[in-house]
Amino acid sequence: MIIDDEAVQSYLYRKIFRGFLSWDTANFVTDDGQWVDRPSISAKYAFMFENVSDESLMNAVIHNRFINLSDDSLYSHPECYYRALKNVFFRGKTYRTGVYGFPIKFCPHCVKRFIVDNGFGYFRKSWTDSSVNFCELHQTYLYYLRPFKRKTALQDIAVVLSGSIPVNA
């Protein structure tokens, strides 16, 4: 299940690791432990999304700004939507060079609330915005995971999603 305000990076992490798959995480966490700006998964994992509605996947792509809706009009070509969806969920290759990253930010109070409300924690898509550093709901600054290594970041993400604050935050 994709939550409306969930970051695609968060969703991919939850979906893949819930499936206990061993795969290359370089497609959504950088070498230095930040979120990848344009996350994707290998096409060989497409089966994990077969029971997720096309509408949910497309909404995730649109709401996470992987397609520019300001260019959307009556004359927009549907191919741009297809390409955006394919590039995130059904990419053929597993690793891209020249990947850009941005800090992994979170509000521990929100994550705990998500666990209570949904049964699992997640990262909000608004936290991926470089201008967002404050949780308006809880009137507190967001925590950042310190960039270090991908392995450390993956461990810290698991800690955050369990409702705790990692040592590296």
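Student: What pattern does the chain follow when it is read along the sequence?

Tutor: In this predicted model, the chain follows the pattern α-β-α-α-β-β-α-β-β-β-α, which is made up of five helices and six strands.

Student: Why is the pair Asp5 and Arg124 called a salt bridge?

Tutor: The name requires a side-chain nitrogen of Lys or Arg within 4 Å of a carboxyl oxygen of Asp or Glu, and the side chains of Asp5 and Arg124 meet at 2.7 Å, N to O, so the pair qualifies as a salt bridge. As a general point, side chains of opposite charge can pair when their charged atoms come close. The structure holds four salt bridges, counted by that rule.

Student: How do you know whether Asp5 is buried, partly exposed or exposed?

Tutor: The relative accessible area of Asp5 is 22%, and because buried means under 20% and exposed means over 50%, Asp5 falls in between and is called partly exposed.

Student: Which residue forms a salt bridge with Glu6, and are the two partners buried or exposed?

Tutor: Glu6 forms a salt bridge with Arg14, with the closest N and O atoms 2.7 Å apart. Glu6 has a relative accessible area of 2% and Arg14 has one of 9%, and because both values are under 20%, both residues are called buried.

Student: What separates Asp117 and Arg113 along helix H4?

Tutor: Asp117 and Arg113 are four residues apart in helix H4, so about one helical turn separates them, and their side chains meet in a salt bridge at 2.9 Å, N to O. Arg113 has a relative accessibility of 42%, which lies between the two cut-offs, and is therefore partly exposed.

Student: How do you know that Thr30 and Asp32 make a polar contact?

Tutor: The limit for a pair of N or O atoms is 3.5 Å, and the side chains of Thr30 and Asp32 make their contact at 2.4 Å, so the distance lies within that limit. Thr30 is found in the loop between H1 and strand S1 (35-36), and at 8% relative accessibility it counts as buried. The C-alpha atoms of Thr30 and Tyr100 are separated by 7.6 Å, although these residues are 70 residues apart along the chain.

Student: What share of the chain is buried?

Tutor: Buried residues make up 46% of the 169 residues in the chain.

Notes. Residues are numbered from 1 along each chain as its sequence is written. This is a predicted model: local features need pLDDT of at least 70, side-chain atom pairs count only at pLDDT 80 or more; totals for chains, interfaces and linings use all residues. Side-chain values use heavy atoms; hydrogens and water are left out. Buried means under 20% relative accessible area, exposed over 50%, partly exposed in between (1.4 Å probe, protein chains only). Helices (H or I, at least four residues) and strands (E, at least two) are DSSP runs, numbered from the N terminus. A polar contact is a pair of N or O atoms within 3.5 Å; within protein, one must be able to donate a hydrogen and the other to accept it, and residues adjacent in sequence count only if both atoms are side-chain atoms.
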